[in-house]
Amino acid sequence: MKFSSNFIVVFVLFAFVLTVANGQPLVPAMFIFGDSVVDAGNNNNLYTIIKADFPPYGRDFLNHKPTGRFCNGKLASDFTAENIGFTDYPPAYLSKMAKGNNLLIGANFASASSGYYETTAKLYHTLSLSKQLENYKQYQNKLVAIAGKSNASSIISDGVYLISSGSSDFLQNYYINPLLYKSYTPDQFSDVLIESYAHFIQNLYKLGARKIGVTTLPPLGCLPAAITVFGSDSNECVAKLNKEAVSFNNKLNATSQRLQTKLPNLKLVVFDIYQSLYNLVTKPADSEAANKILADDLLSSGISLIS
């Protein structure tokens, strides 16, 4: 799923939340899961048409060459890594760079066109979240071999885990898949996704994750792809899709609160991006104020995650 630049600003602002203290990274590692918003090139190595390894992707990145990032330059998660204090980015796990000491700062497991729903990734031959988790288990074994069991344990427990997912489930699967939308109402389908989300968080927790940040859905009806396909020749946001995103986000927040209560020492922060991004799209003249509100919200959430 390709997103507008307004959605990318979320992680960029989150990057500035995590400022560097005393020249040292605030966390030992970053682990990234999800979809095209944070895929750093894993899909390059998959048999899928969902790729970004050709121009104009990468034209503003290092060496002005495509890397598999679904962006003209750095991903928002790249900015986050820089502002945490890393001098390099967590490598895409399926890339040639994911070996040796490069793995000490974490890894990127994300795959474009994946989601909380298992078959979303299967439709596009990409990596589902369950497969991303399998790759993370492999990563842990490699990390122990590189850093030793004690150091690896510290890296895993003190690292930050970022998750961006869900939009592809709706826009690239549910809304265009009669097998789904005739079987589930949007509300029922979001329940299925939330169950998968909870299962993923619990499995990640069992593997040692303690600081997890997850984004809500953006205003789905304002994404260019949604307006093109479902906008009925209008340039306006599709209200029905936005309403369903809000419903999903409410469930995500409630479920996250329950998980944090249930799982000891877990810091599970939801970065609620919907309203600020909606304001950026629908009230561009007020974008400066909307950016400030979003930055303030992320500041509060970011401090909660890393403190």
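**Figure 1. The S-S torsion of C222 and C237.** The torsion about the S-S bond of C222 and C237 is about 115°, so this disulfide is right-handed. A disulfide here is a pair of cysteine sulfur atoms within 2.5 Å. The sulfur atoms of C222 and C237 lie 2.1 Å apart. The structure holds 1 disulfide. This is a predicted model, in which local features need pLDDT of at least 70, side-chain atom pairs count only at pLDDT 80 or more, and totals for chains, interfaces and linings use all residues. Residues are numbered from 1 along each chain as its sequence is written, and side-chain values use heavy atoms, with hydrogens and water left out.

Figure 2. Helices (H or I, at least four residues) and strands (E, at least two) are DSSP runs, numbered from the N terminus.

**Figure 3. Cysteines and their cover.** C222 is buried, with a relative accessible area of 7%. C237 is partly exposed, at 21%. C71 is buried, at 14%. Buried means under 20% relative accessible area, exposed over 50%, and partly exposed in between (1.4 Å probe, protein chains only).

**Figure 4. The protein chain around these views.** The chain has 12 helices and 5 strands. Of its 307 residues, 53% count as buried. Among contacts (heavy atoms within 4.5 Å) between residues at least 6 apart in sequence, 72% join residues at least 24 apart.
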